[in-house]
Amino acid sequence: MPADFNWAIGGEAGDGIDSTGKIFAQALSRAGRHVFTSKDFASRIRGGYTAYKVRTAVDSVQSVVDRLDVLIALTQRTIDENLDELHEGSVIIYDGERTTMQDVEIPEGMIGLDVPLKSLAEEAGGAIMRNVVALGAACEVANFPIENLDSALEKRFGAKGESLVENNKTAARKGKEYVAEEYDHAFDYDLETTDADYVLLNGDEAIGMGAIAAGCRFYAGYPITPATDVMEYLTGRINHYGGHVVQAEDELSAINMALGAARAGARSMTATSGPGIDLMSETFGLAATAETPLVIVDVMRSGPSTGMPTKQEQGDLNMTLYGGHGEIPRFVVAPTTIDECFWKTVEAFNLAEKYNSPVFVIADLALAVTEQTFPPEAFDMDDVEVDRGKLVDDDSIEEWLDDEGHFRTHAITDDGVSPRAAPGTTDGAHMSTGLEHDELGRRTEDTEMRVKQVEKRDRKFETAREREEWAVREYGDPDADALVLSWGSNEGAMVEAIDFLEEEGVDVRFLSVPYIHPRPDLTEEINGADEVVVVECNADGQFADLLEHDALRRVKRVNKYNGVRFKADELAEEIEATLEDSA
């Protein structure tokens, strides 16, 4: 029996795939098992193939793999789409009474369980519960105590009344009992439970949680896949801390509202995806020139244009680095794990206020929608530090006044960081503008002042390079001749790929880089390796280009841009083949 168990449900959009998958993931996590999920969904409300995959084990899992042990197939296409991941002994649960499944073909060597999902659901109280019947059937196949499903059903349906919860529990048990009574088969699975306590959340939720922990008190956004969950998480939560969420009429309004709140002294944020970043770029330049701390989250998806809104890609890197007219100083931070989405969001707010600058937090769809388990201590609020930078008060403002008592909000300083005063601070009245300005914020075309302000805004990033720790995380063999580098959500797949590579006798050193600008100097590591491979989900190798620029050395590239995230075993094969080609 394998150490991990891989389950999936698939059908059409509108079939309740996402809620069913989440119920099972929650049940597993509440049973003390680690969980890692993956979603494949179409960019439409109804129709189009959609699936939810859960990988679970007692030990931590950080990626999906090319194997499915149990598949709940609501359509024939579900079987066809997952055929490459099914193996001898895989169990396929389907409803043969369903019109589209009456002539289903179960591949040779696999076990088909024809379960009348709709009929059993109707016996329990309603056909809408057919997916819960399927979950009960899966519990019997996996020898997973159905009682663990109860708490997840209570969480999902508790607000709708006790009777609905009980109906769903009954539906699950009907599915379990049907398989037990109709199929005399010894299945190969036995899901161990533990007493461990885990938090299950996705990257968007972790970003929202990090924002609240960091002291964010204003969020403005416009719904867009796959960033909407950030706003949904904050709605109903941030108000408990004196904050507000505003759903704007478009992305332009969202960033301008967020900028206004930041100018008023609040920690402020907006989140969007690539098309929204395009629209926000002008205000992004205003924030940089006016030296206003603002956090902008870009949850990347496949582009350009509308692209594939519900598919994975890391194609916005150059946009976040170079987008906008003129030369715009900016920070670009890229979380590489779901829990790091929390911590890097906290760090982004601190960077924004310490250096009076806009900060991009760039995640990707794979991070945003993936749910993973963590021990609660992974988000220890006692470890959250808030640094508001040079925010002056009534007692400290005097040193920043000119001879006439005016506040120098854009003062030329040695470290490039000017002071900041919130409205209401005595003697702190000032103006800021997108026009070039003097130390008081008044517009100017004086050539000497222009040079001083440009150099000051750039100098703060040299200061940041010296003061902050731009660390990478290292995995694998530190003495290996081959070096692999990556960014974003690829870290989990790569960490597990190292194990697959070791089984094939291939040793690699892996560096995961969460900082894009400023970024660590990896010249020594790159030039000290015999072979260098850069892994990323885009066609052009945008991160590889940056590293080649820094180290003045060509690197090998493993790129994926078909809209699907890397899988651990697949990535290991790609890296091994790349290293063999260069041998």
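## Ground rules

Because the model is predicted, local features need pLDDT of at least 70 and side-chain atom pairs count only at pLDDT 80 or more, while totals for chains, interfaces and linings use all residues. Residue numbers start from 1 along each chain as its sequence is written, and side-chain values use heavy atoms, with hydrogens and water left out.

## Two cores

A nonpolar core here is a set of buried Ala, Val, Leu, Ile, Met, Phe, Trp, Tyr and Cys residues joined through side-chain atoms within 4.5 Å. Buried means under 20% relative accessible area, exposed means over 50%, and partly exposed is in between (1.4 Å probe, protein chains only). The largest core has 48 residues, and W7, V70, I93, V141, F144 and L149 have the most contacts inside it. Helix α4 (residues 130-142) supplies the largest share of this core, 9 residues; helices are DSSP runs of H or I, at least four residues, numbered from the N terminus. Apart from that core lies another one of 47 residues, including A214, I238, V333 and A348.

So what does W7 touch? Leaving out residues up to four places away in sequence, its partners include F24, Y52, V70, L135 and A138, with contact meaning heavy atoms within 4.5 Å.

## D278 on helix α10

D278 sits in helix α10 (residues 274-289). It's partly exposed, because its relative accessibility is 46%. From D278 to P329 is 51 residues in sequence and 17 Å in space, C-alpha to C-alpha.

## Cysteines

How many disulfides turn up in the whole structure? The search finds 0, a disulfide being a pair of cysteine sulfur atoms within 2.5 Å. For C537, the closest cysteine sulfur is in C341, 15 Å away, so that's too far for a bond. C537 is buried, at 1% relative accessibility, and C139 is buried with a relative accessible area of 1%.

Terms used: Helices (H or I, at least four residues) and strands (E, at least two) are DSSP runs, numbered from the N terminus.
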